[in-house]
Amino acid sequence: MSRYRRYDGGDPLAPPVDIAEALDAIGQDVMAGYSPERAMREFLRRGGQDQAGLDDLARRVAERRRELLQRHNLDGTLAEVRELLEKAVLEERKQLARDAMMDDADRAFREMRMQNLPDSPAAAVTELGDYDWQSREAREAYEQIKDLLGRELLDQRFAGMKQALENATDADRQAISEMLADLNELLEKHARGEDTPEDFQEFMDKHGQHFPENPQDVDELIDAMAQRAAAAQRMLNSMTEEQRRELMELSAQAFGSPALMEQLGRLDANLQSLRPGEDWTGSEQFGEGEQGLGLGDGTGVLQDLADLDALADQLSQSYGGARLDDVDLDKLARQLGNEAAVDARKLQELEKALRESGAMERGFDGELRLTPKAMRQLGRALLRDVAEKMSGRQGQRDLRQAGAAGDLSGATRPWAFGDTEPWDLPRTMLNGVLRRAGEPGGPLLSIDDVEVAETEARTQAAVALCVDTSFSMAMDGRWVPMKQTALALHTLIGTRFRGDSLELIGFGRHAQTMRIEELTALDARWAKGTNLHHALLLANRHFRKHPNAQPVLLIVTDGEPTSHLESSGEVYFNYPPHPLTIALAVRELDNARRLGAHTTFFRLGEDPGLARFIESMARRVDGSVIAPEAGDLGAAVVGSYLGSRRGGQPGTGGPGSYGDWFGSRGFWVG
């Protein structure tokens, strides 16, 4: 059997959700010091280039809420009562003036009663309760007041009852009275724990037409009714004291029977005792809008406001264990339209894809973190940015042809459009054989089977990237560019120059070697100190571990050395730099030169003292100085590394020079 439901939006032929943009943004925020969980939340809040975020949906919810409050006022029922009362009085006066057979004394008495009615609609309706109407139209208008009040009071608890009972007969009213009595009896049995599923089914068989929500059990029935009853109470709470008093007095006139109010009062008491967690005491501040709300319509608006409040809470995601699956798409569609529900569903799918894609995982401490897969993807994105800056135009150097003119490295990789390296035939044929084992009817060879042989243009390199992690790097906005640089270089070496060995060294008050995951997740450090001496000690240790590799020393800093490591292992700090601190840093730099290291300093900032110090350090070891802007740091470091691998010293004007690799805003010094 086929089942159909209303289409709820979205493109059924849309491709799977693309998480590339989200991962790039999350990676940037992680490097700025956010936790991966917070970074993901922030992206979902902002949204993407073509995707509305939670903040946009929350803004639309707030605008809808404000519109409801400003457009309406709560005087709708009282206004209708006044209109009917004025009509009844006018028609009665007309009849008194026309009736020539009426006793003059009786006419005068009746006219006096019409003239001296109280200003309060409730008091006037009560005053006319025993009046013997002479005009048929006046009597009908007065009876309509009682009928209106009854229908409004029922519409507060049962949506649509006002229209359903229009022009109702006495039999219709008797059926409603029976329904209320049966409902109260069912709720009271449920409160005592004496009800059965058969009791509920018997009630729905008899009175189900009054419950369009189609509840499936007594709890669903109570939930639906309690939400609307609580909204009705909040509407009364939102009225002025005068409006509440008028309505309470008028309610006694509903259908001309106090029994209705007794049944409704009993119903409200039952619902409040069964669902005390509903908001029975809240209120709203309505404006002086042009649209007056009757009791039933006002209750519906209060329910809408409650839905909007719930949506605002769900969209805020500010409570413990919050997930986008918590967002009620049906409510969102009702309040903001299907387009908003589609946007929210896309965000739900994006969050699910991020959590299930293998891009993030929870560590032993329960914290969410980026996986190596995500780090590689982020690194590739950074490399693309670096390639664009180095080339001056997109696509000139995508760093894919690593060492294409050199000897085979022994490594292979899947072919990609634009590759010019030779095919690795054994590996390509093996891929075809393995593929056909799973699909015997497939072609002998597919483009997806092809792998190319990577080549190396020179010998293995041992690379030490020393990055300043001192207070000034964070203070001057260089923290994130420093991390991006490290990740770009790590990705380049890990994917294109696998024979090289990279050591990442962060140096602040002291130095330490770091894995790329540690460095990218490193929070800004506010401790003062630039321990270049300790960083060079670790770099030289790395070079000694790889005696057959070409040492490449890359130093990123924005300050002179202000601390060093003493023989006891303690850190000594002094500003301005102590002569011993300088001497120890120079000594280790000389050791790096004796090990054959090609040294490049990347100076950040325009401090003249720092410039003079780094120039002298570079001249001492025949090194180079590059002074890029923070945004160009990654391209400068990658360009220097590639220049070293091509056999030239960056800055010499020969192969691999800075000007060759990086034609941007950096400049040479010395």
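Tutor: Contact means heavy atoms within 4.5 Å, while helices (H or I, at least four residues) and strands (E, at least two) are DSSP runs, numbered from the N terminus. You are looking at a predicted model, where local features need pLDDT of at least 70, side-chain atom pairs count only at pLDDT 80 or more, and totals for chains, interfaces and linings use all residues. Residues are numbered from 1 along each chain as its sequence is written, and side-chain values use heavy atoms, with hydrogens and water left out.

Student: Which residues of H1 meet which residues of H2?

Tutor: From H1 come Glu-21, Ala-22, Ala-25, Ile-26, Asp-29 and Val-30. Their partners in H2 are Pro-36, Ala-39, Met-40, Glu-42, Phe-43 and Arg-46. By class, this contact of H1 with H2 has eight nonpolar, no polar and four charged residues (Ala, Val, Leu, Ile, Met, Phe, Trp, Tyr, Cys and Pro count as nonpolar, Asp, Glu, Lys and Arg as charged, and the others, Gly among them, as polar).

Student: At what angle do H1 and H2 pack?

Tutor: Helix H1 (residues 20–31) packs against helix H2 (residues 36–46) at about 130°, and their axes lie 9 Å apart (axes are lines fitted to C-alpha atoms, for helices over the stretch in contact, with angles from 0 to 180 degrees between N-to-C directions).

Student: Why is H1 called oblique to H2?

Tutor: Angles under 35 degrees count as roughly parallel, over 145 as roughly antiparallel, 65 to 115 as roughly perpendicular and the rest as oblique. The angle of about 130° therefore makes H1 oblique to H2. The crossing of H1 and H2 is right-handed (the near helix is turned clockwise from the far one by less than a right angle; anticlockwise is left-handed).

Student: How do H4 and H5 pack?

Tutor: Helix H4 (residues 76–98) meets helix H5 (residues 104–115) at an angle of about 160°, with axes 11 Å apart. This angle makes H4 roughly antiparallel to H5. The crossing in which H4 passes H5 is left-handed. On the H4 side are Val-89, Glu-92, Arg-93 and Leu-96, and on the H5 side Arg-107, Arg-110, Glu-111, Met-114 and Gln-115. Three of the residues in the contact of H4 with H5 are nonpolar, one is polar and five are charged.

Student: And what is the angle between H4 and helix H7?

Tutor: H4 and helix H7 (residues 136–157) cross at roughly 165°, and their axes come within 7 Å. So H4 is roughly antiparallel to H7. H4 passes H7 in a left-handed crossing. Among the residues in contact are Leu-84, Leu-85 and Ala-88 of H4 and Ala-141, Ile-145 and Leu-148 of H7. The contact of H4 with H7 counts ten nonpolar, two polar and six charged residues.

Student: What makes the peptide bond from Tyr-575 to Pro-576 cis?

Tutor: Its omega is near 5°. Pro-576 sits in the loop between strand E12 (571–573) and helix H23 (579–594). Most peptide bonds are trans.

Student: Which helix gives the most to the lining of the second largest cavity?

Tutor: Helix H24 (residues 608–620) does, with three residues. The lining of the second largest cavity divides into seven nonpolar, three polar and no charged residues. In the largest cavity, helix H11 (residues 218–238) supplies the largest share of the lining, four residues. By class, that lining has seven nonpolar, one polar and three charged residues.
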